[in-house]
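Trainee: I am new to this structure and would like to go through it by question and answer. Please start with the surface and then turn to the salt bridges.

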Amino acid sequence: MTYPKQSTGDAAQQPNGAAGEVSPSPRLPEVEQRVLAFWKADDTFRESIRRREGEAEWVFNDGPPFANGLPHYG
């Protein structure tokens, strides 16, 4: 399995604002908008579904189980 393809655009188009750099004072709303724009342009969600075609279904439960042993949904 390979990681999703890398963008070859300029650094301003990278999700974190610059290729390989992290700002000590990120503008989080701007970072989020760039990430969402990248995912939309890359069609990340549909690609993730396409890569799973024909594979066994699986479920991810987040968090520890309740005292009764059932998955935690919170």
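**Surface, helices and salt bridges**

Mentor: The protein chain has an accessible surface of about 6,900 Å², and carbon and sulfur atoms account for 58% of that surface. Keep in mind that this is a predicted model.

Trainee: What percentage of the residues of the protein chain count as buried?

Mentor: A residue counts as buried when its relative accessible area is under 20%. The protein chain has 74 residues. Of these, the buried share is 4%.

Trainee: What is the N to O distance in the salt bridge between R34 and E30, and where do the two residues lie?

Mentor: Both residues belong to helix α1, and because they are 4 residues apart there, about one helical turn separates them. R34 is partly exposed at 25% relative accessible area, and E30 is also partly exposed, at 40%. A salt bridge requires the nitrogen and the oxygen to be within 4 Å. The closest N and O atoms of R34 and E30 are 3.9 Å apart.

Trainee: Which residue forms a salt bridge with R50?

Mentor: R50 is partly exposed, with 46% relative accessibility. The N to O distance of the pair is 2.6 Å. The partner of R50 is E47.

Trainee: Is R51 buried, exposed or partly exposed?

Mentor: R51 forms a salt bridge with E47, with 2.9 Å between the closest N and O atoms. The two lie 4 residues apart in helix α2, about one turn of the helix. The relative accessible area of R51 is 35%, and values between 20% and 50% fall in the middle class. R51 is therefore partly exposed.

Trainee: Which residues are linked in a network of salt bridges?

Mentor: E47 is paired with R50, and E47 is also paired with R51. E47 itself is partly exposed, at 25% relative accessible area. The network is made up of E47, R50 and R51.

Trainee: How many salt bridges does the count come to?

Mentor: Among them are the pair R34 and E30, the pair R50 and E47, and the pair R51 and E47. The count comes to 4 salt bridges.

Technical notes. Residues are numbered from 1 along each chain as its sequence is written. This is a predicted model: local features need pLDDT of at least 70, side-chain atom pairs count only at pLDDT 80 or more; totals for chains, interfaces and linings use all residues. Side-chain values use heavy atoms; hydrogens and water are left out. A salt bridge is a side-chain nitrogen of Lys or Arg within 4 Å of a carboxyl oxygen of Asp or Glu. Buried means under 20% relative accessible area, exposed over 50%, partly exposed in between (1.4 Å probe, protein chains only). Accessible areas come from the Shrake-Rupley method with a 1.4 Å probe; for residues, only the protein chains shown count as cover.
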